Amino acid sequence: MGAIILFLALQNVVPDHSYGERTYKTFCAGCHGANGEGTKLGISLIEDKSRLVKPDEELINSIRNGQDGMPAFSWLLTEEQAAEVIKYLKETFGENETPT
């Protein structure tokens with residue numbers, strides 16, 4: 001019984017960025033690359049890490065309203081959903097990513 005309670009408690013503690021990852025892979029990787037390397041259509045997210053240190057609100061605004069040739073995704077993502085994508089990006093491609 002104690003193990004079940006611990007398991008359920010950890011579900012609320014351990015962040016789940018699977019939504020952000022799925023959304024990135026479905027809607028963003030086509031331009032920004034599966035590994036953030038960029039393509040002819042979108043910038044690299046790993047070469048210029050200064051983009052990912054911007055405040056979340058600024059990045060959410062860029063995703064939802066578009067910027068510098070990137071289309072707007074406000075028709076698809078709420079602010080909360082865009083925030084999940086930002087969490088995934090920062091965790092995966094940001095300054096503190098885990099080396100592979």
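Which residues are buried in helix 2? In helix 2, the buried residues are Gly20, Thr23, Tyr24, Cys28, Ala29 and His32. Buried means under 20% relative accessible area, exposed over 50%, and partly exposed in between, with a 1.4 Å probe and protein chains only.

## Basis of the model

This is a predicted model, in which local features need pLDDT of at least 70 and side-chain atom pairs count only at pLDDT 80 or more, while totals for chains, interfaces and linings use all residues. Residues are numbered from 1 along each chain as its sequence is written, and side-chain values use heavy atoms, with hydrogens and water left out.

## Overall architecture

The chain contains four helices and zero strands, in the order α-α-α-α along the sequence. Helices (H or I, at least four residues) and strands (E, at least two) are DSSP runs, numbered from the N terminus.

Of the 100 residues in the chain, 29% are buried. The chain exposes about 6,900 Å², and carbon and sulfur atoms supply 58% of that area; accessible areas come from the Shrake-Rupley method with a 1.4 Å probe, and for residues only the protein chains shown count as cover. Among contacts between residues at least 6 apart in sequence, 46% join residues at least 24 apart, a contact being heavy atoms within 4.5 Å.

## Helix 2

Helix 2 comprises residues 18–32 and spans only 18 Å between its end C-alpha atoms, whereas a straight helix of 15 residues would span 21 Å at 1.5 Å a residue. The expected span is 1.5 Å times one less than the number of residues. Helix 2 bends by about 45° at Thr26, the bend being the angle between axes fitted to the seven residues ending there and the seven starting there. After helix 2 comes Gly33, with a positive phi near 85°.

The cover over the buried residues of helix 2 includes helix 4 (79–93). Ala29, which lies in helix 2, has a relative accessible area of 14% and therefore counts as buried. Leaving aside residues up to four places away in sequence, Ala29 touches Tyr24 and Ala34. Ala29 and Thr39 are 10 residues apart in sequence, and their C-alpha atoms are 9.0 Å apart in space.

The buried residues in helix 3 are Leu59, Ile60, Ser62 and Ile63. Viewed down the axis of helix 3, its buried residues fall within an arc of 160°, so they line one face of the helix; the arc is that of the directions from the helix axis to the C-beta atoms. These buried residues of helix 3 pack against helix 4.

Gly66 follows helix 3 and has a positive phi, near 80°. Asp68 is located in the loop between helix 3 and helix 4. The phi of Asp68 is near 50°, a positive value in a residue other than glycine. At 70% relative accessibility, Asp68 counts as exposed.

## The nonpolar core

The largest nonpolar core has 16 residues, and those with the most contacts inside it are Tyr24, Leu45, Ile63, Ile86, Tyr88, Leu89 and Phe93. Helix 2, helix 3 (56–65) and helix 4 each supply at least two residues of this core. Helix 4 gives the most, with six residues. A nonpolar core is a set of buried Ala, Val, Leu, Ile, Met, Phe, Trp, Tyr and Cys residues joined through side-chain atoms within 4.5 Å.
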